[in-house]
Amino acid sequence: MQPIEAHKPDLTLATDLTNQQKSEARQQCFYGCVFCGSPVFRYYFPPDSLSAVLICPLHAKQLRSALLSASTLVERMKQPFNQQRINKPGFSFDPNRRVQVSVGMNTVYADFVPGGGEQYCIWVNGQELFTLHSESGWLCFSFVLSDTTGQVLIRVEKGELQLSPDQWEYSYEVNTLKIRDQQRRLQFTAQLCNDRVLLTKGNFIDSFGDGFVVEGNRVIAMLDGQKGGQYMHRIEPGRYKGGWALFNKIRHPELVMPGNFAFVCAAKRKYPGTER
Ligand SMILES: [Zn+2]
């Protein structure tokens, strides 16, 4: 592994961590960037340290440009941002809580067992495009963001930013993550807390044009690149394994859904089955 820039704080991207090492780093950093708590981050090795630390794209950039000093990083590693708010609303530790999951102002609830587990918020033809993971009372997030045609732009795996276009901007303030493209257009917005997830912007479409567009208070189902039905102001209080599923049985007759979903959009013949 090479230092990213020789003259700046010796921050090294940790590219070969095992899942166990990543899990330990998440726990030590309280599941967020040590500077701002962002639940989307990369793993780095700080100078003279063998344990990895979670840093979001914005604060990694500031460390590399020496806007943030190496000593500030050492301080933050001793007291990560999220450690200071574990008793604040939205972040308190409760492994038995019900998590409110709102996508385009449509609401479902995620129930986790104390041992952890997953909730599939958005599932499209076998791909998990937005998933919550419960770990030690915290939530971490996996998602795959696409453009309007279904080309993958961003891949996040349990918080780790694995793929992103260069020059895209990530900001996380209080509890809201916003991602903007090079033209500063908003591509993703979500409140991400331990007891509430509120997704209001993003494209989650597969390479065939099937999926969901989340826009403000609406979730729009897409089939073969065409707009289908949309969901607005719906609440499903029951217990479900997932929120929104799009299942194109014509194209994927062999697939089985991984549990019950609150909202299912299933194509069986020619574009039927979409809900309002
Ligand atoms: Zn940060």
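**Figure 1. The charged end of Arg85 sits over the ring of Phe91, 3.8 Å from its centre.** A charge counts as over a ring if NZ of Lys or CZ of Arg is within 6 Å of the ring centre and within 35 degrees of the ring normal. This is a predicted model, in which local features need pLDDT of at least 70, side-chain atom pairs count only at pLDDT 80 or more, and totals for chains, interfaces and linings use all residues. Residues are numbered from 1 along each chain as its sequence is written, and side-chain values use heavy atoms, with hydrogens and water left out.

**Figure 2. Ring pairs join Phe30, Tyr31, Phe91 and Trp138 in a cluster.** Rings of Phe, Tyr and Trp (its six-membered ring) pair if their centres lie within 6.5 Å; planes under 30 degrees apart count as stacked, over 60 as edge-to-face and the rest as tilted. The structure holds eleven aromatic pairs. One of them is Phe91 with Trp138, a tilted pair at 6.4 Å centre to centre and 45° between the planes. Phe91 lies in the loop between α3 (70-78) and β4 (98-103), Trp138 in strand β8, 47 residues apart. Helices (H or I, at least four residues) and strands (E, at least two) are DSSP runs, numbered from the N terminus. Both Phe91 and Trp138 are buried, that is, under 20% relative accessible area, with exposed over 50% and partly exposed in between (1.4 Å probe, protein chains only).

**Figure 3. Trp123 and Phe261 link distant parts of the chain.** The ring centres of Trp123 and Phe261 are 5.9 Å apart and the planes stand at 45°, so the pair is tilted. Trp123 belongs to strand β6 (residues 117-124) and Phe261 to strand β19, 138 residues apart. Trp123 is buried, and so is Phe261.

**Figure 4. Seven strands form an open sheet with mixed pairing.** The order is β10-β9-β8-β7-β6-β18-β19. Two strands pair if DSSP finds at least two bridges between them. At the edges are β10 (160-163) and β19 (261-267), each pairing on one side only. Strands β7 (residues 127-135) and β8 (residues 138-146) pair in the antiparallel sense over six bridges. Ser134 stands opposite Leu139 in β8.

**Figure 5. Strands β11 and β12 form a hairpin with two residues between them.** Strand β11 (residues 169-173) and strand β12 (residues 176-180) run antiparallel, joined by five bridges. Tyr170 faces Ile179 of β12 as its opposite residue. In the turn, Val174 has a positive phi of about 60°. Leu177 stands opposite Ala190 in β13.

**Figure 6. Cys33 (SG), Cys36 (SG), Cys56 (SG) and His59 (ND1) are the protein donors of the zinc ion.** They lie 2.1 to 2.3 Å from the ion. Donors are N, O and S atoms within 2.8 Å of the metal (3.2 Å for Na, K and Ca); water is not among the atoms, so sites may look incomplete. The four donor atoms subtend angles of 95 to 117°, which makes the arrangement tetrahedral; four donors count as such if all angles lie between 85 and 135 degrees. In sequence the donor residues are spaced C-x2-C-x19-C-x2-H. Cys36 lies in the loop between α1 (19-28) and β2 (42-45) and His59 in helix α2 (residues 57-64), so this pair ties together parts 23 residues apart in sequence. Cys36 counts as buried at 11% relative accessibility, and His59 counts as buried at 12%.

Terms used:
Tetrahedral: all angles 85-135°; square planar, octahedral: opposite > 155°, others 65-115°.
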